[in-house]
Amino acid sequence: MIKAIIFDQDGTFYPKDHKLTLELRRKTKKWISEKLNKSDSEVDELYSKLPIKYPNPLEGYSSIGLDIKE
């Protein structure tokens, strides 16, 4: 039985250039794009700015109106 799934959004568990990290980042950007109806370039800009104000990625996503439970 799976009790928890950890999504490493900030490079804590895997290096930032690890294959798993890159795929998670790609899927996260797709999620942001779909939920906020933003272009890839808009999402890239938003994604790069969030960690500056919100070191915790989950707080960053919540700050732009995304439900992290999704």
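Predicted model: local features only at pLDDT ≥ 70, side-chain atom pairs only at ≥ 80, totals over all residues.
Visitor: What does the side chain of Lys29 meet?

Guide: The side chain of Lys29 meets that of Asp44 in a salt bridge, with 3.0 Å from N to O. Lys29 lies in helix H1 and Asp44 in helix H2, so this pair ties together parts of the chain that are 15 residues apart in sequence. Asp44 is also partly exposed, at 38% relative accessibility.

Visitor: Why would two such side chains pair at all?

Guide: In general, side chains of opposite charge can pair when their charged atoms come close.

Visitor: How many salt bridges are there in the structure?

Guide: The structure holds 5 salt bridges. One of them joins the side chains of Lys27 and Glu23, at 3.9 Å from N to O. These two residues are 4 residues apart in helix H1, which means that about one helical turn separates Lys27 from Glu23.

Visitor: Are those two buried or exposed, or something in between?

Guide: Lys27 counts as partly exposed at 49% relative accessibility, and Glu23 is partly exposed as well, with a relative accessible area of 32%.

Visitor: What about Lys30, which residue does its side chain meet?

Guide: The side chain of Lys30 meets that of Glu34 in a salt bridge, with 3.8 Å from N to O, and both residues lie in helix H1, 4 residues apart, or about one turn of the helix. Lys30 is partly exposed at 48%, whereas Glu34 has a relative accessibility of 55% and therefore counts as exposed.

Visitor: Let's step back. What is the chain built from?

Guide: The chain has 3 helices and 0 strands, and, read from the N terminus on, its elements run α-α-α. Of the 70 residues in the chain, 21% are buried.

Visitor: How do H1 and H2 sit against each other?

Guide: H1 packs with H2, which covers residues 40-53, at an angle of about 115°, and their axes are 10 Å apart. Angles from 65 to 115 degrees count as roughly perpendicular, and the two helices are therefore described as roughly perpendicular to each other. The crossing in which H1 passes H2 is right-handed.

Visitor: And the loop between H1 and H2, which residue is found there?

Guide: Asn37 is found in that loop. Its phi is near 55°, a positive value in a residue other than glycine. Asn37 is exposed, because its relative accessible area of 73% is over 50%.

Visitor: New topic: which residues make the nonpolar surface patch?

Guide: Phe13, Tyr14 and Leu20 make that patch, which has an area of about 310 Å². Tyr14 is found in the segment before helix H1, the helix that covers residues 19-36.

Visitor: How accessible is Tyr14?

Guide: Tyr14 has a relative accessibility of 35%, so this residue counts as partly exposed.

How values were computed: Residues numbered from 1 in each chain as written. Heavy atoms only, no water. Patch = residues over 30% accessible without salt bridge, like charges linked within 9 Å, V, L, I, M, F, W, Y side chains within 5 Å. Areas by Shrake-Rupley, 256 points an atom, 1.4 Å probe, with all protein chains shown as cover. Salt bridge = Lys/Arg side-chain N within 4 Å of Asp/Glu carboxyl O. Buried < 20%, exposed > 50% of the residue type's maximum accessible area, 1.4 Å probe, protein only. Axes fitted to C-alpha atoms, helices over the stretch in contact; angles between N-to-C directions. Parallel < 35°, antiparallel > 145°, perpendicular 65-115°, else oblique. Left-handed = near helix turned anticlockwise from the far one by under 90°.
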